[in-house]
Amino acid sequence: MSPAKSSTVLVIGAGGVSSVCVHKMAFNPEIFPEIHLASRTKAKCDAIAASVKARCGRDIATYEIDAEEVPAMVNLIRKVQPGLVVNLALPYQDLPIMEACLAAGVDYLDTANYEPKDEAKFEYKWQWAYHDRFREAGLMALLGSGFDPGVTSVFTMWLKKHKLKTIRQLDILDCNGGDHGQHFATNFNPEINIREVTAPARHWEKGQWVETPAMSTKVAFDFEGVGQKNMYLMYHEELESLTRFVPELERARFWMTFGDQYINYLTVLQNVGMTSIEPVKFQGREIIPLQFLAAVLPKPETLGETTKGNTNIGVIATGEAIDGSGEKTFYIKNICSHEAAYEETGNQAVSYTTGVPAMIGAALMVQNIWRGEGVFNMEQMDPDPFMEMLNRHGLPWTVEELPEPVAF
Ligand code: NDP
């Protein structure tokens with residue numbers, strides 16, 4: 001196995017997730033001695049660099065880049081000479097950035113799997129197809145080092161290592177109990193978020209995918225630190241990797257909470273065609289309604305100041321206990337405060353809960369604690385060092401035994 005070449009990092013993208021990740025990297029100079037930041041709009045990189053400078057006095061070098069231009073990306077990587085490229089742009093840029101990493105000979109990390117622009121469909125197959133090329137180049141690509149995917153996969157593998165010999169059923173519960181005071185807004189990139197929630201729901205049941213209409217299965221759940229919320233069955237990308245790496249799973253589901261107001265607005269927008277990704281002619285040119293909608297919605301990075309409340313994201317798993325005591329159920333979760341996240345990095349908790357795990361994944365790679373040659377999902381790595389860093393870097397977790405499997 002070849003070690004990481006250098007602990008210099010090049011971060012791509014300058015939205016909320018990138019802002020949190022770059023701040024957290026800057027707060028840990030012993031792990032990240034040199035940080036470079038590039039994105040489509042350099043002014044956004046400069047704003048993050050200015051905030052980092054004000055908070056901890058460190059300098060971040062910034063650049064303008066279109067990450068879809070592979071030769072330009074390769075030139076930038078050669079100039080900066082990082083050991084690792086941290087992709088915090090959008091899922092559309094995953095493949096060009098992976099190509100650039102291969103051409104320039106550096107490791108790769110992201111938080112969201114590739115999605116073609118013209119089809120609301122995310123799958124790991126496009127990125128898994130890069131495995132042999134990364135392996136042959138002696139490079140490592142780590143996919144999905146955010147919260148979900150990311151921490152949810154690590155939570156599951158920690159339970160599998162320390163509590164459960166096998167996992168029979170798994171429920172991922174993602175609750176954002178934050179209130180931003182806006183009529184309608186999304187907490188991360190609106191285009192990606194709306195594509196995700198308007199797609200049909202899919203869950204794993206007895207060895208196959210079961211598809212149901214979007215937002216058609218609703219369950220009320222009492223979330224610690226938030227209160228009772230309606231959560232909806234959805235498809236989410238870690239279900240694909242979890243069912244691959246935990247093959248004994250009989251059932252795996254993903255749930256996300258949405259308030260009634262959010263659902264009402266989304267239903268209207270959907271009914272009038274504003275969430276469509278089919279191009280329409282408008283004043284002589286083609287526009288994509290969802291991209292236009294994203295342009296008029298509040299920018300997620302502007303919501304931080306007004307957002308109050310907590311997120312609560314966790315995993316409930318039932319299976320055969322490691323100690324031979326029969327079937328057991330465990331609930332492992334993190335509760336994150338929007339206000340505390342904003343105070344620390346100037347971003348709300350949805351960006352924080354994604355940016356911190358991106359920093360941790362990067363830290364484990366540049367320190368050679370997580371290492372491999374090829375393309376890897378979070379499930380394939382030892383969960384312990386990641387779990388330990390979550391506790392130390394702002395996302396502490398708790399685990400409890402539940403008296404019985406979930407009743408929903
Ligand atoms: P934002 O939309 O706030 O930021 C995306 C950034 O990428 C922007 O700065 C944007 O530039 C930049 N960008 C877009 N296209 C290009 C390009 N062609 N070249 C260079 N830069 C580009 O998104 P978020 O910060 O909210 O999310 C970032 C990523 O994190 C997304 O992939 C999202 O799916 C993922 N995510 C993952 C989660 C998880 O738990 N795993 C949860 C939440 C998000 P510009 O400023 O010019 O628009």
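I took two strands to pair if DSSP finds at least two bridges between them. The model I examined is predicted.

**Entry: strand β1**

I began with strand β1, residues 9-12. Val9 and Val11 point one way from β1, while Leu10 and Ile12 point the other way, and all are buried. I then looked up the partners of β1. Four bridges join β1 to strand β2 (residues 35-39), and the two run parallel. In this pairing I found Ile12 opposite Ala38 in β2. From β1 the chain crosses through α1 to β2, a β-α-β crossover that is right-handed. With β4, too, I noted a parallel pairing over four bridges. Here Leu10 stands opposite Val85.

**Entry: the sheet**

I next followed the order of the strands. Seven strands form an open sheet, which I read as β3-β2-β1-β4-β5-β6-β17, with parallel pairing. At the edges I found β3 (61-64) and β17 (374-377), each of which pairs on one side only. On average, neighbouring strands of this sheet are turned by 20 degrees against each other, direction ignored. I also checked β4 (residues 84-87) against β5 (residues 107-110), and they pair in the parallel sense over four bridges. Val86 stands opposite Leu109 in β5.

**Entry: the ligand**

Which residues are the closest to the ligand? I counted 33 residues around the ligand, the closest being Gly13, Gly15, Ala67, Gly146 and Phe188. Helix α1 (residues 16-26) gives the largest share of this shell, three residues. By type, I recorded 15 nonpolar, twelve polar and six charged residues in the shell. Domain 1 (9-147 + 353-388) and domain 2 (151-344 + 397-402) both give residues to the shell, so the ligand lies between them.

Key. Residues are numbered from 1 along each chain as its sequence is written. This is a predicted model: local features need pLDDT of at least 70, side-chain atom pairs count only at pLDDT 80 or more; totals for chains, interfaces and linings use all residues. A residue is near a molecule or strand if its C-beta atom, placed from the backbone, lies within 6 Å of it. Ala, Val, Leu, Ile, Met, Phe, Trp, Tyr, Cys and Pro count as nonpolar, Asp, Glu, Lys and Arg as charged, and the others, Gly among them, as polar. Domain bounds come from an automatic or database domain assignment. Axes are lines fitted to C-alpha atoms, for helices over the stretch in contact, and angles run from 0 to 180 degrees between N-to-C directions. A residue is buried if 20 or more other C-beta atoms lie within 10 Å of its own, exposed if 12 or fewer, and partly exposed in between; C-beta atoms are placed from the backbone. A crossover is right-handed if, with the strands pointing away from the viewer, the path from the first strand over the helix to the second runs clockwise.
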